[in-house]
Amino acid sequence: KLKHMSSYVAAIDLGTTKVVTLVGEKTDSGYRIVAFRETPSKGVLRGEVVNIQNVLDSLTPTIEEIKKEESIEINEVYVGIAGQNIKCVSARLSRNRGKADNLISDEEINDMMKEMANSRVNAGEKILHVIPQSFNVDDHMGVDTARGMTGTRIEGDYKLFIGKINSVEHSKLVINRAGLRLRELILEPVASAKAVLTEDEMELGVAMIDIGGGTTDLLIYKNNIIRHTAVIPFGGNSITEDLRQGCGVSLRNAEQMKIQYGSCYSEYAPENKTVIIPGIGGRESREVSFKVIAGIIEARVEEIIEAVMYEIENSGYMDKLGAGIVITGGGSQLTNLRQFIKFKTGYDARIASPVNNISYDTPQEICRPGSSTAFGLIMLGIESETTRVEESPSCTTLFPEAEIASRPEQTATYTVIKDKPKRSRNILGSFPSIIGSIFDNTNNEA
């Protein structure tokens, strides 16, 4: 007999390298995962669903397997959305208040939020999340919450996370074709952060870097509020591809070299150790030194870090990250990565797996960096099911499927107060001009 989904929440992380499906529940001892499946991903490029049939070929057997082996019927799912085209802009909305003596209510603040969510964006784009940053009420500037104050005028500063409509539609199509109902689309870096960051880190100021197969996601928190996000179109697969070309080996061998012998800090690589690469089709085998492998990996990791530092600098929070950097995602497993990031950025760093509130009987294999996004989706899904009320304005607003579909286009009176700053030379040196075009060129193939 199939178990009913009522107490469970299901989440799917459609990654570039792997598709992770989780079913979980909240127990007294924490979040408990009752079903966990991971399968190689096909049809996802740099975090975006490109070929719907290929993704279905990866996903459908997994859903069937959970149904058969765990006796759990999955009907609705929370899904992560990512991709190289997600960007973050700052915007401001002002309102004059008719009755200055009335206390500012949650309803008034939520109305402003909804108006921001309906702001006009470029053709082909859609607002995924609206995150209030601070409010100005008459002469009181920069307050975290305006609720309960009085005044004749209220201004809200917001961060808008914007993605491609195509990307959203493709993710929805995959889920619907798999016979499931999409409960909510959640920004993947937000999910990863939920799984790995501590309360103290989010308050002190922290940059979370999630190194996936196709992309590297950045999310900055300060005073428990999300301040910035960015997606860099390189990840673990770029490193593997560099090794494949640099050493003239197959993709499978390159991946194996990266995992078994690779380090991203060539200075630490042993001088005298080599890997023997078998010759293809009767050719002679070759030797490649650990130093050479580490040098190739280091060059790409350095490029990723420079892109991340560029984004941190532009966010305006470069000197406000008291808790430094937290690294997660499958790509964070590289040998010596923590030391290298610390050396390159000057920030303290730690590698993080989902450990927040995990129940004792959850399978150990989930407690690793590659499962952070999927585990965070479960946590946010369970929270969302529990509240299902208007979320407090200091939280991310997650637009449920129905709202995404039916949200009317309308123009709000808001001004973008900070667009992407010009590229600063000092941090990037000779970094190619890809950063500027990451978000503009939808066909960007790096």
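Colleague: Let's pick glycine 213 to begin with. Which residues does glycine 213 touch, not counting those up to four places away in sequence?

Modeller: Keep in mind that this is a predicted model. Glycine 213 lies in the loop between β12 (206-211) and β13 (216-222). Leaving out residues up to four places away in sequence, its contacts are Thr16, Thr17, Gly235, Gly236, Asn237 and Ser238.

Colleague: How many Å separate the C-alpha atoms of glycine 213 and threonine 17?

Modeller: Thr17 is among the residues that glycine 213 touches. Along the chain the two are 196 residues apart, yet the separation of their C-alpha atoms is 5.4 Å.

Colleague: And does glycine 213 count as buried or exposed?

Modeller: The cut-off for buried is under 20% relative accessible area. Glycine 213 has 17% relative accessibility, so it counts as buried.

Colleague: Zooming out, what share of the 446 residues in the protein chain is buried?

Modeller: The secondary structure of the chain comes to 13 helices and 19 strands. The chain exposes about 19,700 Å², with carbon and sulfur atoms supplying 47% of that. Of the 446 residues, the buried share is 56%.

Colleague: How many of the nine residues of α4 are buried?

Modeller: Helix α4 covers residues 188-196 and is mostly covered. Val190, Ala191 and Ala195 are among its buried residues. The count of buried residues in α4 is eight.

Colleague: How are α4 and α10 oriented to each other, and why?

Modeller: The axes of α4 and helix α10 (residues 372-387) come within 7 Å and cross at roughly 85 degrees. Their contact has eight nonpolar, four polar and three charged residues; including Val190 and Lys194 in α4, and Phe375 and Glu383 in α10. Angles of 65 to 115 degrees count as roughly perpendicular. The two helices are therefore roughly perpendicular.

Colleague: Over how many bridges do β8 and β10 pair?

Modeller: In strand β8 (residues 125-137), 13 of the 13 residues are buried, so the strand is largely enclosed by the rest of the structure. Serine 134 stands opposite aspartate 157 in β10. With β10 (residues 153-164), β8 pairs in the antiparallel sense, and the number of bridges is eleven.

Colleague: Last one: in the hairpin of β8 and β9, which residue takes a positive phi?

Modeller: Strands β8 and β9 (residues 140-143) pair in the antiparallel sense over two bridges. Phenylalanine 135 has valine 143 in β9 as its bridge partner. The hairpin has two residues between the strands, and the one with a positive phi, near 50 degrees, is aspartate 138.

Note on methods: Residues are numbered from 1 along each chain as its sequence is written. This is a predicted model: local features need pLDDT of at least 70, side-chain atom pairs count only at pLDDT 80 or more; totals for chains, interfaces and linings use all residues. Side-chain values use heavy atoms; hydrogens and water are left out. Buried means under 20% relative accessible area, exposed over 50%, partly exposed in between (1.4 Å probe, protein chains only). Helices (H or I, at least four residues) and strands (E, at least two) are DSSP runs, numbered from the N terminus. Two strands pair if DSSP finds at least two bridges between them. Accessible areas come from the Shrake-Rupley method with a 1.4 Å probe; for residues, only the protein chains shown count as cover. Axes are lines fitted to C-alpha atoms, for helices over the stretch in contact, and angles run from 0 to 180 degrees between N-to-C directions. Angles under 35 degrees count as roughly parallel, over 145 as roughly antiparallel, 65 to 115 as roughly perpendicular and the rest as oblique. Contact means heavy atoms within 4.5 Å. Ala, Val, Leu, Ile, Met, Phe, Trp, Tyr, Cys and Pro count as nonpolar, Asp, Glu, Lys and Arg as charged, and the others, Gly among them, as polar.
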